[in-house]
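Here's a quick tour for anyone meeting this structure for the first time. Have a look at it below, then read on.

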Amino acid sequence: MKQSILLEGAKFQITIKRLCQQLIENHGDFSNAVLIGIQPRGTYLAKRIQKEIIAMTGKDVALGVLDITFYRDDFRMKGANPLAANSTEIDFIVDGKDVILIDDVLWTGRTIRSAMDAMQSFGRCEKMELLVLVDRRFSRQIPIQPDYIGMQVDSIDSQKVIVSWKEIDNKDSIVLVTEKK
């Protein structure tokens with residue numbers, strides 16, 4: 001197995017700050033925008049984005065987390081255990097708001113489609129945008145494109161992109177893993 005480090009350390013944090021700058025340019029004081037992190041790993045990025053926006057602007061921005069387990073099109077195929085579902089915590093109204101969905105890696109688009117379906121349960125937002133740390137752009141099965149991208153990775157289906165978070169993995173990094181044959 002070959003591992004290539006794509007991003008780590010200070011460059012990882014700079015990428016997050018750049019994403020926050022783009023959000024601030026488009027949403028100003030966030031009076032009409034909310035952040036929604038997709039469980040499980042998009043929540044780490046969403047919390048970092050929220051913290052950084054507060055530090056940069058002094059303005060609070062609403063943050064929620066969304067579990068998409070029961071909205072996935074492969075839920076029954078995987079033999080998933082409903083007890084393994086994560087929690088959804090959205091304690092604000094999304095009607096009329098600009099919702100920014102946040103996930104770590106965009107690959108096939110199926111996770112984001114499930115998140116869009118799940119968001120319908122919370123009301124009708126004015127606009128929905130997508131922010132991802134990594135865009136694996138040549139692997140889409142559903143035509144979904146991000147509005148904000150930390151980095152793009154051209155990879156084949158047999159490769160994996162692994163995002164590690166300091167909060168749970170003790171380091172911030174993005175690694176491309178290739179199986180040797």
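How many aromatic pairs does a search of the whole structure find?

## Aromatic rings

The search turns up two aromatic pairs. Rings of Phe, Tyr and Trp (its six-membered ring) pair if their centres lie within 6.5 Å; planes under 30 degrees apart are stacked, over 60 edge-to-face, and the rest tilted. Phe 12 and Trp 165 make an edge-to-face pair, with 5.3 Å from centre to centre and 80° between the planes. Phe 12 sits in helix α1 (residues 9–27) and Trp 165 in the loop between β7 (160–164) and α4 (166–169), 153 residues apart. Helices (H or I, at least four residues) and strands (E, at least two) are DSSP runs, numbered from the N terminus.

Tyr 44 and Trp 165 are stacked, because their ring centres are 6.4 Å apart and their planes are at 25°. Tyr 44 belongs to helix α2 (residues 42–57), so this pair ties together parts 121 residues apart in sequence. Put together, Phe 12, Tyr 44 and Trp 165 form one aromatic cluster.

## Buried spots

Buried means under 20% relative accessible area, exposed over 50%, and partly exposed in between (1.4 Å probe, protein chains only). Phe 12 is buried at 0%, and Trp 165 is buried at 0% too. Ser 114, in helix α3 (residues 110–119), counts as buried at 5%.

## Cysteines

Cys 20 is buried at 0%, and Cys 125 is buried at 19%. With a disulfide taken as a pair of cysteine sulfur atoms within 2.5 Å, the count is zero.

## About the model

This is a predicted model: local features need pLDDT of at least 70, side-chain atom pairs count only at pLDDT 80 or more, and totals for chains, interfaces and linings use all residues. Residues are numbered from 1 along each chain as its sequence is written, and side-chain values use heavy atoms, leaving out hydrogens and water.
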